[in-house]
Amino acid sequence: EENLLLWKSNNERARRGETVQGEVRLKTADGWGYYHNIIAPVYAEGKIRGIMGVNIDITQRKKAEEALRASEEKLRLVTDSLPALIAYIDVEERFQFNNSAYERWFGASSAEIIGKQVREVLGDATYTSIREYVQKALSGQPAQFEAELEDQHGMRKCVGATFVPHVDEEGWVRGF
């Protein structure tokens with residue numbers, strides 16, 4: 001019923017000259033499906049003479065997105081349960097993922113960490129001391145080392161670290 005109201009509203013908007021698009025969930029012979037719906041006015045001699053619509057089936061994409069979300073939730077559950085600092089850093093040395101232990105250690109949320117460069121999060125002194133290991137991982141070689149890291153309270157603690165390079169199927173390093 002909600003989709004029907006939206007559909008009618010979009011049809012009216014198209015009759016007023018607006019091209020409207022969005023996602024709708026529709027019942028089909030095979031069950032429920034998801035569609036990207038586009039409705040546009042049809043002009044003839046400078047006037048709106050009707051409307052035209054198209055539905056693009058995006059059911060498989062929506063299912064894939066849901067499977068990806070579920071997989072990300074499982075990854076988050078596993079990594080957040082570990083008492084270890086876990087992060088993924090791309091080739092530009094920017095954080096793309098971190099677990100909750102990382103957030104607690106640095107006193108910053110994922111939203112505050114993601115996208116920042118390693119130097120910004122760790123600080124200049126710590127970054128300088130581990131830079132060679134970052135470069136080693138970004139060259140495709142694993143790196144294991146011990147270093148002192150400063151937590152959110154300014155306490156320096158010795159930690160053991162392992163940087164595992166992420167090498168794609170074509171041999172390109174994507175991060176670590």
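The model is predicted, so to speak of local features pLDDT has to be at least 70, side-chain atom pairs count only at pLDDT 80 or more, and totals for chains, interfaces and linings use all residues. Residues are numbered from 1 along each chain as its sequence is written, and side-chain values use heavy atoms, with hydrogens and water left out. Helices (H or I, at least four residues) and strands (E, at least two) are DSSP runs, numbered from the N terminus.

**The sheet**

- Three strands make an open sheet in the order E1-E2-E3, with antiparallel pairing; two strands pair if DSSP finds at least two bridges between them.
- The edges are E1 and E3 (47-57), each of which pairs on one side only.
- From one strand to the next, the twist averages 35 degrees; axes here are lines fitted to C-alpha atoms, for helices over the stretch in contact, and angles run from 0 to 180 degrees between N-to-C directions.
- E1 (residues 20-28) and E2 (residues 31-44) are joined by nine bridges, while ten bridges join E2 to E3.
- If you want landmarks, Thr28 stands opposite Gly31 in E2, and Ile39 has Gly53 in E3 as its bridge partner.

**The hairpin loop**

- Two residues make up the hairpin connection from E1 to E2, and Asp30 lies in that loop.
- Asp30 is exposed, at 80% relative accessible area; exposed means over 50%, buried under 20%, and partly exposed in between (1.4 Å probe, protein chains only).
- From Asp30 to Val173 it's 143 residues in sequence and 43 Å in space, C-alpha to C-alpha.

**Helix H2**

- H2 (residues 59-81) lies across E1, E2 and E3, running at about 130 degrees to E2.
- Thr79 sits in H2 and is buried, with a relative accessible area of 6%.
- Leaving out residues up to four places away in sequence, Thr79 touches Ile86, Phe97 and Asn99; contact means heavy atoms within 4.5 Å.

**Helix H6**

- H6 (residues 124-138) bends by about 55 degrees at Ile130, the bend being the angle between axes fitted to the seven residues ending there and the seven starting there.
- Its buried residues are Thr126, Tyr127, Ile130, Val134, Ala137 and Leu138.
- Their cover includes helix H5 (118-122) and strands E6 (143-150), E7 and E9.
- After H6 comes Gly140, with a positive phi near 100 degrees.

**Rings and charges**

- There are six aromatic pairs in the structure: rings of Phe, Tyr and Trp (its six-membered ring) pair if their centres lie within 6.5 Å, with planes under 30 degrees apart counted as stacked, over 60 as edge-to-face and the rest as tilted.
- One of them is Phe163 with Phe176, a tilted pair at 4.6 Å centre to centre and 40 degrees between the planes.
- Phe163 lies in E7 (residues 156-163) and Phe176 in the segment after E9 (173-175), so the pair ties together parts that are 13 residues apart in sequence.
- Both Phe163 and Phe176 are buried.
- Phe95, Tyr102, Trp105 and Phe106 are linked into a cluster by ring pairs.
- Lys157 lies over the face of Trp105, 5.1 Å from the ring centre, and Arg25 lies over the face of Trp32, at 4.3 Å; a charge sits over a ring if NZ of Lys or CZ of Arg is within 6 Å of the ring centre and within 35 degrees of the ring normal.
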